Amino acid sequence: MSRIWDISQPLHAAVPVWPGEPVFALHSHAVIGDGCPVNVGGMFTPLHAGTHGDAPLHYANDGASSADCELDAYIGPCVLLDVRHARGRVEISDIDWAAVEGAERVLLRTYEQFPHEQWDSDFTAIANDVIARLGSMGVRLIGTDAASLDPEQSKTLDAHQAVKAADMRILEGLVLDDVPPGRYELVALPLRIVGADASPVRAILREIA
Ligand SMILES: N[C@@H](CC(=O)c1ccccc1NC=O)C(=O)O
Ligand SMILES: [Zn+2]
Ligand SMILES: [Zn+2]
């Protein structure tokens, strides 16, 4: 059996959320007891909380929603790169481009330790020319452990727009602390939520035998 790495954040009431967003909540609608044979819950989640995939609808009104996204970008071989040396933004010079050669999916590790306890406004963004170069090399999905590809204060979302131009897909909020850099099989499927601009994913990496 090949090893599976769970690279998803736990979803719970204290999961960090984008500033101003409501928090994640799990509700109990029924509990096992006299006359009730089951526990039944429900949840509320901001769509950009935790480990999630942005749908093209997030950055374009005519983009596909999570329900309409083709799934092939979210399953298949990927390469995990360590870019912990990047400062502020991941720039062209921070990437081992030889390691990207032939990869259709690229995941970037920016954190020494993922900030599970609180929202980090100073996460490491990705320069739009990095996205454009990845796109020109045939990369179809970019993933990061940061909360977003663009800085928190960005109003132009240059990296997201470069993703749009290259028709790539995005994973954000991955937990990559424990995974050595290298090649893996990625599975991280967005839920089929009609009209959603993003969706939680259960992201895993499988060791390639
Ligand atoms: N672009 C970010 C999300 C984002 O920008 C955002 C998420 C929730 C509430 C407000 C947001 N941006 C506001 O300008 C992302 O892709 O996760
Ligand atoms: Zn997002
Ligand atoms: Zn995003």
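For residue classes I took Ala, Val, Leu, Ile, Met, Phe, Trp, Tyr, Cys and Pro as nonpolar, Asp, Glu, Lys and Arg as charged, and the others, Gly among them, as polar. The model is predicted, so I noted that local features need pLDDT of at least 70, side-chain atom pairs count only at pLDDT 80 or more, and totals for chains, interfaces and linings use all residues. Residues are numbered from 1 along each chain as its sequence is written, while chains are lettered from A and ligands numbered from 1 in the order in which they are written.

**Ligand 1**

I looked up the shell (C-beta atom, placed from the backbone, within 6 Å of the molecule) and found Trp18, Glu21, His48, Asp54, His58, Ser148 and Glu172. By class, this shell holds one nonpolar, three polar and three charged residues.

**Trp18**

I located Trp18 in the loop between strand 1 (4–6) and strand 2 (25–30); strands are DSSP runs of E with at least two residues, helices runs of H or I with at least four, both numbered from the N terminus.

**Helix 2**

In helix 2 (residues 128–136), I found Asn128, Val130, Ile131 and Leu134 buried. They lie on the same side of helix 2, because they cover an arc of only 155 degrees around the axis, taken from the directions from the helix axis to the C-beta atoms. Gly138, with a positive phi near 95 degrees, follows helix 2.

How values were computed:
Buried ≥ 20, exposed ≤ 12 C-beta atoms within 10 Å, placed from the backbone.
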